[in-house]
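Work through the exercises below with the sequence and the model at hand. Each task is followed by a solution in steps.

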Amino acid sequence: ITYLAGFILIQIGIGELLITTLLPERFYAAIPQFKILSIGILTIPFYTLSLIINASGRPNKVLQFITYAISFTIIAYAYVAYSGIPELIPLGLVLYNIVYGILCYLYIKSNFGFPVSSIFRALRDTKHYINSNILKINK
């Protein structure tokens with residue numbers, strides 16, 4: 001939930017507001033890069049899935065996924081270098097996050113039967129926690 005909320009806030013302009021309010025003008029050019037970089041936030045929760053893969057005795061599989069993700073990162077950086085568009089510099093890191101997250105998820109799904117709906121269980125759990133603990137205290 002935190003990652004999704006952070007992403008939405010950055011995309012609707014909170015990131016821009018923070019940069020223009022807290023940083024000197026020379027950093028304003030980084031706003032488009034900051035927005036692109038924020039796309040990678042959405043895949044960070046999938047990183048925890050690599051812990052399950054490691055714990056199941058498959059660290060070589062994680063290394064393989066990292067290698068694929070780094071390959072995409074190198075391709076993205078080469079594209080940015082040839083295109084000459086500096087605003088796309090964060091694209092490499094974003095692609096790394098996306099590729100690594102998707103590969104970890106697909107492996108867990110195929111080997112452990114992890115359904116897509118389980119990712120969103122945190123929303124229901126958070127709502128239940130708020131209703132049963134926080135709102136109960138305020139009554």
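**Exercise 1. Isoleucine 52**

Task: Find which residues isoleucine 52 touches, not counting residues up to four places away in sequence, and decide whether isoleucine 52 is buried, partly exposed or exposed.

Solution. 
- Step 1: The model is a predicted one. In it, isoleucine 52 belongs to helix H4, residues 48-55.
- Step 2: With residues up to four places away in sequence not counted, isoleucine 52 touches Ile108 and Phe112.
- Step 3: The C-alpha atoms of isoleucine 52 and isoleucine 108 are 7.9 Å apart, while 56 residues separate the two in sequence.
- Step 4: The relative accessibility of isoleucine 52 is 40%. Buried would require under 20% and exposed over 50%, so isoleucine 52 counts as partly exposed.

**Exercise 2. The largest nonpolar core**

Task: State how many residues the largest nonpolar core has and which of them touch the most other members. Then find which helix supplies the largest share.

Solution. 
- Step 1: The largest nonpolar core has 13 residues, and those touching the most other members are Leu49, Ile53, Phe65, Ala69, Tyr100 and Cys104.
- Step 2: At least two residues of this core come from each of H4, H5 and helix H6 (91-112).
- Step 3: H6 provides the largest share, seven residues.
- Step 4: Take phenylalanine 65 as an example. Neighbours within four places in sequence left aside, phenylalanine 65 is in contact with Ile53, Tyr100, Leu103, Cys104 and Tyr107.
- Step 5: As background, nonpolar side chains tend to be buried together in soluble globular proteins.

**Exercise 3. Tyrosine 47 and asparagine 97**

Task: Locate tyrosine 47 and asparagine 97, list what each touches, and assign a burial class to both.

Solution. 
- Step 1: Tyrosine 47 sits in the loop between helix H3 (31-39) and H4. Asparagine 97 has its place in helix H6.
- Step 2: Not counting residues up to four places away in sequence, tyrosine 47 touches Tyr96, Asn97 and Tyr100.
- Step 3: Under the rule that residues up to four places away in sequence are not counted, asparagine 97 touches Gly40, Thr43 and Tyr47.
- Step 4: The relative accessible area of tyrosine 47 is 26%, so tyrosine 47 is partly exposed. Asparagine 97 counts as buried because its relative accessibility is 9%.
- Step 5: A further pair involves tyrosine 47 and tyrosine 105, which are 58 residues apart in sequence and 8.7 Å apart in space, C-alpha to C-alpha.

**Exercise 4. The nonpolar surface patch**

Task: Name the residues of the nonpolar patch on the surface and the helix that gives the most to the nonpolar patch.

Solution. 
- Step 1: The patch is formed by Ile8, Ile12, Ile14, Leu17, Leu18, Leu22, Leu23 and Phe27, which together have about 750 Å² of accessible area.
- Step 2: Helix H2 (residues 14-22) gives the most, with four residues.
- Step 3: Leucine 18 is found in helix H2, and its relative accessible area of 46% makes leucine 18 partly exposed.

**Exercise 5. Overall composition and confidence**

Task: Describe the fold elements, the share of buried residues and the pLDDT of the elements.

Solution. 
- Step 1: Seven helices and zero strands are present.
- Step 2: Of the 139 residues in the protein, 24% are buried.
- Step 3: Contacts between residues at least 6 apart in sequence join residues at least 24 apart in 68% of cases.
- Step 4: The average pLDDT is 81, and 83% of the residues score at least 70.
- Step 5: Among the elements, H5 has the highest mean pLDDT (94) and helix H1 (residues 2-11) the lowest (66). Where pLDDT is low, the predicted coordinates should not be read in detail.

Methods: Residues numbered from 1 in each chain as written. Predicted model: local features only at pLDDT ≥ 70, side-chain atom pairs only at ≥ 80, totals over all residues. Heavy atoms only, no water. Patch = residues over 30% accessible without salt bridge, like charges linked within 9 Å, V, L, I, M, F, W, Y side chains within 5 Å. Areas by Shrake-Rupley, 256 points an atom, 1.4 Å probe, with all protein chains shown as cover. Salt bridge = Lys/Arg side-chain N within 4 Å of Asp/Glu carboxyl O. Buried < 20%, exposed > 50% of the residue type's maximum accessible area, 1.4 Å probe, protein only. Contact = heavy atoms within 4.5 Å. Core = buried A, V, L, I, M, F, W, Y, C linked by side-chain atoms within 4.5 Å. pLDDT = per-residue confidence, 0-100.
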